[in-house]
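Let's walk through how to read a few structural features together. Have the sequence and the model open as we go.

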Amino acid sequence: MYLLLDIGNTRSKAMLASSAGSMQRLDLQNNTTDLSAVQAVYYAAVAGQDKVQALKKQLQLQDKPWRQIESDAYSFGVRNCYSQPHLLGVDRWLGMLGANWLQPDTDVLVVDAGTAVTLDWLSADGAHQGGWILPGLKLQQQSVVQKTAKVFNADTHQARLQLGDDTVSCLQNGCLASVLGAIQQAWELQSMQQLLLTGGDTQFLAPYLKQYPLRLEPDLLFYGLSRFIDS
């Protein structure tokens, strides 16, 4: 058994995985699972090493091998298009490795809709052709509210792809339209065989993307991370 970790600055997520490919979610905050059988830990981190050390202590896995996965020029048949490969966000890199494993020999547009929205074009032969980064739904809304005097927002997500009739609906609907518009423009710029959507805002975007060959994969990063087991 192996432990896979996505270690963020404010939140970390975990999966238990077998070398055969099966995975099971692990609640780090309320963990009651016996981890004594864990052979090694594979992790991606945007947080500092202090967060990593804290998790080692919390999970009582200090004596196990910990391997940090970072972006590289080439892994498992996937080629990074960056001239400085280590500068590609590891979440994007693992997302493409996951997409390549789930959808082999397929041209895929990988969309990760989180705090930032990232779009990456991955060809059937494993070549990363390039990508985009733009603010996510909440980040767009926060930016407008913070930088203007009279625009305000609500705590709940109420966005619809329609005209707004008050400040909150105009703001939220406009931000939704901008992200959906970016995805539409991306597809028109270079359409692929599959649109693979992941990230925390998937639920808000997916209903408006049914015209595309859409696949929802909330655990995409972990599929990429699992490829390093025993590698």
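Q: Let's start with a single residue. Is R79 buried, partly exposed or exposed?

A: First, a caution: this is a predicted model. The general idea is to look at relative accessible area, where under 20% is buried and over 50% is exposed. R79 has a relative accessible area of 35%, so R79 is partly exposed.

Q: Which side chain does R79 meet in a salt bridge?

A: For a salt bridge you look for a Lys or Arg nitrogen within 4 Å of an Asp or Glu carboxyl oxygen. Here R79 pairs with D125, at 3.5 Å from N to O. The two come from distant parts of the chain, 46 residues apart: R79 sits in strand 7 (residues 78-79), and D125 in the loop between strand 9 (116-122) and strand 10 (128-135).

Q: How many salt bridges does the structure hold?

A: There are 5 salt bridges. Another one of them joins D219 and R25, with 2.9 Å from N to O. That pair also links distant parts of the chain, 194 residues apart. D219 is in the loop between strand 12 (214-216) and helix 6 (220-226), while R25 is in strand 3 (residues 23-26).

Q: Now the nonpolar side. Which residues have the most contacts inside the largest nonpolar core?

A: The general idea: in soluble globular proteins, nonpolar side chains tend to be buried together. In this model the largest nonpolar core has 28 residues, and L4, Y42, L94, A99 and L225 have the most contacts inside it. Helix 2 gives the most to this core, with 7 residues. The core also draws at least three residues from each of domain 1 (2-68) and domain 2 (74-137 + 158-227).

Q: What is L225 in contact with, leaving aside neighbours within four places in sequence?

A: Skipping those neighbours picks out contacts from elsewhere along the chain. For L225 they are L4, L5, Y42, Y43, A44, I69 and L94. There is also a second, separate core of 23 residues, which includes L109, V179, A182 and L195.

Q: How do I fold in a database annotation? Which residues does UniProt list for "binding site"?

A: Treat an annotation as a record, then look at the geometry separately. The unreviewed UniProt entry lists D6, I7, G8, N9, T10, R11, S12, K13 and T115 under "binding site". Take G8, found in the loop between strand 1 and strand 2. At 11% relative accessibility, G8 counts as buried. Leaving aside neighbours within four places in sequence, G8 is in contact with V46, A47 and K51.

Q: Where is K13 found, and is K13 buried, partly exposed or exposed?

A: K13 is in strand 2. With a relative accessible area of 36%, K13 is partly exposed. Again setting aside neighbours within four places in sequence, K13 is in contact with L4, L5, D6, L28 and F222.

Notes. Residues are numbered from 1 along each chain as its sequence is written. This is a predicted model: local features need pLDDT of at least 70, side-chain atom pairs count only at pLDDT 80 or more; totals for chains, interfaces and linings use all residues. Side-chain values use heavy atoms; hydrogens and water are left out. Helices (H or I, at least four residues) and strands (E, at least two) are DSSP runs, numbered from the N terminus. Buried means under 20% relative accessible area, exposed over 50%, partly exposed in between (1.4 Å probe, protein chains only). A nonpolar core is a set of buried Ala, Val, Leu, Ile, Met, Phe, Trp, Tyr and Cys residues joined through side-chain atoms within 4.5 Å. Domain bounds come from an automatic or database domain assignment. Contact means heavy atoms within 4.5 Å. UniProt positions are given in the numbering used here, feature names are shortened, and annotations may be inferred rather than shown by experiment.
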